[in-house]
Structure formats: structure tokens, C-alpha cells
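Trainee: Could you walk me through this one? I'd like to start with how the strands go together.

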Amino acid sequence: MTSIKTVSCALVGLGNVNRNFLRILELKSTELARRYQLRFHIVCVADSSGGAVDPAGFDPAALRRFKEAGGQVCTLPGYKAGATPAELLSALRCDLLLEASPVNLHTGEPGLSAVRAALRCGTTVVLANKGPLVLAYRELHELAAGSGAGLAFSATVCGALPVINIGQRDLVAAEFLGLRGIFNATTNYILAEMALGHSYAAALAEAQRCGIAETDPTLDVEGWDAANKLVIVANSVLGLDVTLADVQVQGITGVTAEQLVRAAQQGATVKLLAAAERSEQGYLLSVRPTVVPADSFLGQCSGWEMGIELHTDLYGKLYHKIWEREPLPTAAAMLRDAVNLLAA
Ligand SMILES: NC(=O)c1ccc[n+]([C@@H]2O[C@H](COP(=O)([O-])OP(=O)(O)OC[C@H]3O[C@@H](n4cnc5c(N)ncnc54)[C@H](OP(=O)(O)O)[C@@H]3O)[C@@H](O)[C@H]2O)c1
């Protein structure tokens with residue numbers, strides 16, 4: 001009989017994404033043990049109020065219900081007053097960090113310190129939070145290589161669409177001639193709603209209600225979320241060494257209903273496109289509202305869909321898209337990364 005491996009986990013951030021991770025554990029723990037011989041045991045949690053530790057393990061269902069009812073970690077037994085997630089991770093040395101705190105493009109915190117601390121002590125790290133990767137992609141990979149820790153982040157780009165996995169694993173020896181994608185569902189939904197005559201504000205409110213919008217939605221509408229994803233794809237798939245400063249960024253706040261109507265009259269549609277275009281100087285990276293034919297692949301990625309076109313020398317043109325209206329698939333992408341790194 002195969003023995004079950006217990007994976008001690010820390011969850012940093014207990015918002016839409018990690019609460020859905022808890023939901024998956026409720027639904028799939030038997031399946032995870034049967035198919036992958038893994039049992040996830042949550043020993044550390046952190047939210048904006050602080051962190052708590054319970055070596056006996058937090059019950060996923062009870063923890064999810066506690067957070068959904070507005071509970072704060074500082075009121076849990078095991079609360080460690082004044083301790084940062086990084087300090088807790090260094091002391092605990094658990095097997096897995098699931099990092100899903102808000103994006104902070106200025107300091108990367110609290111995620112960046114938590115990820116550094118985990119990688120230094122050999123803890124496998126799975127991220128939904130793009131901030132640490134955008135600010136310190138190379139450094140984090142060097143830390144992981146130094147300690148032998150796993151590091152995965154397929155949930156950071158287009159939710160559950162396995163863009164990173166396909167780009168890194170499946171297109172062996174490919175040269176990338178370019179890529180274009182719709183990387184942000186919130187803005188894609190807003191543009192689709194505005195084209196139907198609905199208001200920008202109502203569409204953004206609906207994206208927030210569904211848990212799809214960023215904690216700070218200006219990251220979505222001003223193009224930074226898509227730019228973050230483009231930086232991660234450029235570093236991980238295209239093999240570049242770039243930061244946000246290398247991306248020309250324009251969001252959708254200047255797009256008017258009149259522009260959308262005019263595009264529709266011409267058989268076109270406006271999309272917030274992230275693109276890496278090859279030129280003689282290297283790749284040109286941009287995020288900007290772009291008019292595309294309505295019957296093209298990206299023109300037909302509408303509403304809650306995100307998609308990517310990859311243009312390669314060996315594998316031709318690849319077109320991938322996903323429909324995602326809630327954070328459950330993103331949480332599933334974190335599970336996918338964890339299982340891929342930890343299963344025997
Ligand atoms: N939502 C999606 O569909 C999606 C998809 C892909 C990637 N992501 C990424 O996943 C991450 C989480 O997204 P989300 O939708 O779950 O966000 P969210 O609902 O706003 O939740 C953020 C969580 O982080 C906690 N937090 C805030 N400051 C903290 C701190 N200093 N230390 C520890 N925890 C802190 C919050 O605490 P409180 O509970 O106390 O407020 C909350 O639990 C973000 O980086 C986002 O970009 C999200």
C-alpha cells in the first residue's frame with residue numbers, strides 16, 4: 001500500500017483565492033490522497049490582521065467559513081502577535097507556502113519577504129500574487145535554486161489557463177516569434193459591457209462582486225495587472241530579463257462608448273492587448289487598448305474570457321483561451337502547481 005505524504009502548508013492571504021483553495025481541499029481531499037498520495041495540512045495562516053500557527057492543523061471548512069463571516073486571524077487561537085508572515089515561515093520551515101496576498105508594486109510586501117523567507121529554508125512556494133515575481137523574478141529563482149525549493153506561479157497569468165506551463169514545458173526548443181493576449185478578465189468584461197451600452201462603473205462593480213477584480217482595481221483598469229502578467233511571461237517563457245519599466249502601459253480608462261460603437265460598426269472590437277512583438281532591437285512589450293477584427297481569435301475572446309496567441313517557429317501558431325468568472329479556477333491552478341511540485 002502506498003503511504004500518504006502530509007504536506008504542511010502556510011496560507012498567506014485568506015481572500016477570494018485562498019478561500020477557494022480551502023474549498024478545494026474540502027471537496028477534493030480524498031481524491032488528492034487517492035490519486036497523488038498527498039494530504040494538505042494547514043499549520044499557518046495570515047491575513048491583514050496578522051498570522052497564526054496551529055501545529056495540529058486548521059480545519060479548511062471551518063477556516064473558510066470563519067473568513068467568509070468576516071473573521072480576522074488575530075482572533076484565532078495560535079495568533080502570534082507582532083510576527084510577520086516571513087518570521088513565521090522562517091521559524092516553521094513548513095513544506096509549502098501558498099502566497100495569495102494583494103499585489104504591491106512598490107515594495108512587494110508582504111508577499112516578497114514571505115516568499116524570500118520560505119525559499120531560503122527550502123519551502124516550496126506557489127504564488128497567485130504577481131508582485132514578488134514582477135519585482136524580483138531572478139532573485140527568487142536564484143534563492144529557489146540555492147535551497148532546492150520548488151517555485152511555481154502558473155496561477156499568476158490568466159487564472160487557470162496554463163500559459164506558463166505550455167510555454168515552459170510543451171514548446172520544447174521553440175523560438176517565440178511573438179505573442180499577443182487578453183490577460184485581464186475584469187477589463188475584458190468592462191469593455192464588453194460598455195459595448196452593449198452598460199456603464200463602466202456597473203461592470204467594474206460586478207467584477208468586484210465576483211471576486212475577479214484586483215484588491216486595488218486601478219491595477220486592472222490602468223493596465224498594470226496585464227503588464228505584470230506580460231513581465232512574468234516575458235521572463236519565464238521568452239527567457240528575457242525585463243521589468244515593468246520595459247513595458248509601455250496604457251489602460252482602458254480613456255476608452256469611450258463612442259469608440260466601441262464605431263469599432264463595432266466597422267466589424268471590429270476594442271481589446272486591452274498585451275503584446276510581445278519581435279523587432280530588430282529585440283521584443284517590444286506593450287499593453288494598450290487595440291482595435292482587432294471582431295471575427296479574429298482575440299476579437300472573439302469576450303466578457304469573462306482571457307486568451308493568448310503564441311507564434312513560434314517549430315509549433316506554428318497556438319491559440320488558447322479560458323472562461324473564468326470566479327476565483328475557483330485560479331485556486332485550482334495553485335493546487336496544480338503544488339501537486340506537480342510535491343507529488344512523488
Ligand atoms: N481573484 C482572482 O481571480 C485572482 C486571479 C489570479 C491571481 N490573483 C492574485 O491573487 C492574490 C489574492 O487575490 P484575492 O482575489 O484573493 O485578493 P483579496 O480577496 O483582496 O484577498 C487578499 C487577502 O490578503 C490579505 N492581506 C492583506 N494584507 C495582508 C498582509 N499584510 N499580510 C497578510 N495578508 C494580507 C487580506 O486580509 P483580510 O482578509 O484581513 O482583508 C485578504 O485575506 C492577488 O495578488 C491577486 O492578484 C487573483
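Mentor: Two strands pair if DSSP finds at least two bridges between them, and strands (E, at least two residues) and helices (H or I, at least four) are DSSP runs numbered from the N terminus. This is a predicted model, where local features need pLDDT of at least 70, side-chain atom pairs count only at pLDDT 80 or more, and totals for chains, interfaces and linings use all residues. Residues are numbered from 1 along each chain as its sequence is written.

Trainee: Which are the edge strands?

Mentor: Look at the open sheet of 6 strands, ordered β3-β2-β1-β4-β5-β6 with mixed pairing. An edge strand pairs on one side only, and here those are β3 (50-58) and β6 (151-152).

Trainee: Is Ala 83 buried, exposed or partly exposed?

Mentor: Ala 83 sits in the loop between α2 (60-68) and α3 (85-92). Buried takes 20 or more other C-beta atoms within 10 Å of the residue's own, exposed 12 or fewer, and partly exposed is in between, with C-beta atoms placed from the backbone. Ala 83 has 18 such neighbours, so it counts as partly exposed.
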